Amino acid sequence: MRPALITSAVRPRVRTAPALAVLAALVLLGAGSACTAQRTAPAPDDVIKAATRKLTDDCLTRQGITESSGQQRVSDALFGAGRPELSLRLPTGYVVRAHTDGCLAAAQQRLYGDQDRWFRTSVVVNNLAPEAAEAHRPLSEVRAAHRAEIAEYRRLRARALTTATALLEGGGTTPKGNTTP
């Protein structure tokens, strides 16, 4: 009885092998064109993050930082050393600080065009919800009070996206048009 099962299982495969090959080819061709048609551009955040990573990696390499470099040396090169030069007290009472001398600061300067302005604007905009909670006000009201910062944030992000795209495509990093801060 086993030989009959093996024989019947083998026969359909032999007869259908060309049909399966054609079907597989059609599926692959269809999947290939479907994937091509559905391909979308990366999210703006991903483009800016990739460019920031490239710029910081290049900066660390120029400074001779390797995997064997000590943790403090890597941290100082990436984030800056000494006392932070930028500081902003939030309405919640928290103080946010940043350096202007590390590789990350250099990447932000290059992408956003003004690291100090980017620092202040992004800290405010990224903390609107905690500000609303602290003040017991609706987020929409707090956002309305910070319309200028939100507009500046969007403008700086647009500049960073343009610069990041050019950098990652291997072109220059100077944005086209009037995007200077």
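The legends below describe close-up views of a predicted model.

Local features are given for residues with pLDDT of at least 70, and side-chain atom pairs count only at pLDDT 80 or more, whereas totals for chains, interfaces and linings use all residues. Residues are numbered from 1 along each chain as its sequence is written, and side-chain values use heavy atoms, with hydrogens and water left out.

View 1. A nonpolar core is taken here as a set of buried Ala, Val, Leu, Ile, Met, Phe, Trp, Tyr and Cys residues joined through side-chain atoms within 4.5 Å, where buried means under 20% relative accessible area, exposed means over 50% and partly exposed lies in between, with a 1.4 Å probe and protein chains only. The largest such core has 25 residues, and those with the most contacts inside it are I48, L88, L111, Y112, F119 and A164. At least two residues of this core come from each of α2 (44-62), β1 (86-89), α4 (103-112), α5 (115-125), α6 (128-135) and α8 (147-168); helices (H or I, at least four residues) and strands (E, at least two) are DSSP runs numbered from the N terminus. Helix α8 gives the most to this core, with six residues. A second core, separate and made up of five residues, includes C59, L60, I65 and C103. In soluble globular proteins, nonpolar side chains tend to be buried together.

**View 2. The surroundings of I48.** With residues up to four places away in sequence not counted, I48 touches L111, Y112, R157, A160, L161 and A164, contact being defined as heavy atoms within 4.5 Å. Among these partners, L111, Y112 and A164 are, like I48, listed with the residues that have the most contacts inside the largest core.

View 3. Rings of Phe, Tyr and Trp (its six-membered ring) pair if their centres lie within 6.5 Å, and planes under 30 degrees apart count as stacked, over 60 as edge-to-face and the rest as tilted. By this rule the count comes to two aromatic pairs. The rings of Y112 and W118 have centres 3.9 Å apart and planes at 5°, so this pair is stacked; Y112 is buried at a relative accessible area of 5%, and W118 is buried at 8%. The rings of W118 and Y153 are also stacked, with centres 5.2 Å apart and planes at 25°. This pair links distant parts of the chain, with W118 in helix α5 and Y153 in helix α8, 35 residues apart, and both W118 and Y153 are buried. Together, Y112, W118 and Y153 form one aromatic cluster.

View 4. The structure holds eight salt bridges, each defined as a side-chain nitrogen of Lys or Arg within 4 Å of a carboxyl oxygen of Asp or Glu. Within helix α2, K54 and D58 lie four residues apart, about one turn of the helix, and form a salt bridge whose closest N and O atoms are 3.2 Å apart. K54 counts as partly exposed at 34% relative accessibility, as does D58 at 32%. R117, partly exposed at 30%, forms a salt bridge with D114, the closest N and O atoms being 3.7 Å apart, and another with E152, at 3.5 Å. E152 lies in helix α8 and R117 in helix α5, so the latter pair ties together parts that are 35 residues apart in sequence. E152 is buried, with a relative accessible area of 18%, and salt bridges that share partners join D114, R117, E152 and R155 into one network.

View 5. Strand β1 runs antiparallel to strand β2 (residues 95-98) and is joined to β2 by four bridges, where two strands pair if DSSP finds at least two bridges between them. L86 has A98 as its bridge partner in β2. Five residues lie between the strands of this hairpin, in which G93 takes a positive phi near 100°. The covered face of β1 holds L86 and L88, and its uncovered face holds S87 and R89.

**View 6. The surroundings of E131.** E131 lies in helix α6 and counts as buried at 11% relative accessibility. Leaving aside neighbours within four places in sequence, E131 is in contact with P91, T92, V142 and H146. The C-alpha atoms of E131 and R143, twelve residues apart along the chain, are separated by 9.8 Å.
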